[in-house]
Amino acid sequence: MKKLIEQLKRSFVFVSLIVSVFLSTSTLAKDLSVEHGYLRATIPGTSVSSAYMEITNKTNNDLVLIGASSNISNRIEIHEHIMSDEMMRMRQRESLMIPANDHVVLQPSGYHLMIFNLNTPLKVDDKVELTLHFSENKDMIITLPVESIKRKKQEESANHHHH
Ligand SMILES: [Cu+2]
């Protein structure tokens, strides 16, 4: 009898865990959208990349990005670029707030997710799954394509000529 109760307890904990994970991810998909996301192809001889995207918060509450994880790397950090001593530098951030009913753009020379210790180099047109971690144990899983830096830079300079 004692054993049975123990088993029941365990399975109940297991079921409620599944339910809570399911609820938090489905809630976030409704609350948040991620657009224009991509990762940079790895430069030969290095094992780093970075991820860029536009995160939109469709809720009336601020949401706080606190990190990201993926099976391509054991170390992903939130970074920003800052000017110091007239030099562009990267700095790690603990978190990144996505204000209510607003969006934040992660882009070259701005906020980005820095990916260290890549298991394998990222090639153009690879697809990478990332899990974005938000405060209050909320996760959002996204899949982003890998793009070449060159192509992106050309697009950007081409865009600038139109302004
Ligand atoms: Cu960085």
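**A guided tour of the model**

Begin by selecting Met 90, which counts as partly exposed because its relative accessibility is 41%; here buried means under 20% relative accessible area, exposed over 50%, and partly exposed in between (1.4 Å probe, protein chains only). This is a predicted model, in which local features need pLDDT of at least 70 and side-chain atom pairs count only at pLDDT 80 or more, while totals for chains, interfaces and linings use all residues. Residues are numbered from 1 along each chain as its sequence is written, and side-chain values use heavy atoms, with hydrogens and water left out.

**The copper ion**

Next, select the copper ion. Which residues are its protein donors? They are His 79 (ND1), Met 90 (SD), His 112 (NE2) and Met 114 (SD), at 2.1 to 2.3 Å from the ion. Donors are N, O and S atoms within 2.8 Å of the metal (3.2 Å for Na, K and Ca); water is not among the atoms, so sites may look incomplete. Along the chain, the donors follow the spacing H-x10-M-x21-H-x1-M. Met 90 in strand β5 (residues 87-93) and His 112 in strand β8 (residues 112-116) are 22 residues apart, and this pair links distant parts of the chain. Strands (E, at least two residues) are DSSP runs, numbered from the N terminus. His 112 counts as buried, because its relative accessibility is 1%.

The arrangement is tetrahedral because the 4 donor atoms subtend angles of 99 to 116 degrees around the copper ion; four donors count as tetrahedral if all angles lie between 85 and 135 degrees.

**Pro 99**

Move to Pro 99, in the loop between β6 (96-98) and β7 (102-106). Leaving aside neighbours within four places in sequence, Pro 99 is in contact (heavy atoms within 4.5 Å) with Asn 57, Asp 62 and Val 104. Pro 99 and Asp 62 are 37 residues apart along the chain, yet their C-alpha atoms are separated by 4.4 Å.

**Salt bridges**

Finally, display the charged side chains. The structure holds 5 salt bridges, each being a side-chain nitrogen of Lys or Arg within 4 Å of a carboxyl oxygen of Asp or Glu.

- Select Arg 75 and Glu 77: their closest N and O atoms are 2.9 Å apart. Glu 77 counts as buried at 11% relative accessibility.
- Select Arg 89 and Asp 85: the closest N and O atoms of this salt bridge are 3.9 Å apart. Asp 85 is exposed, with a relative accessible area of 68%.
- Select Glu 80, Arg 91 and Arg 93: a network of salt bridges links them.

Technical notes. Four donors count as tetrahedral if all angles lie between 85 and 135 degrees; four count as square planar and six as octahedral if opposite donors are over 155 degrees apart and all others between 65 and 115; anything else is irregular. Helices (H or I, at least four residues) and strands (E, at least two) are DSSP runs, numbered from the N terminus.
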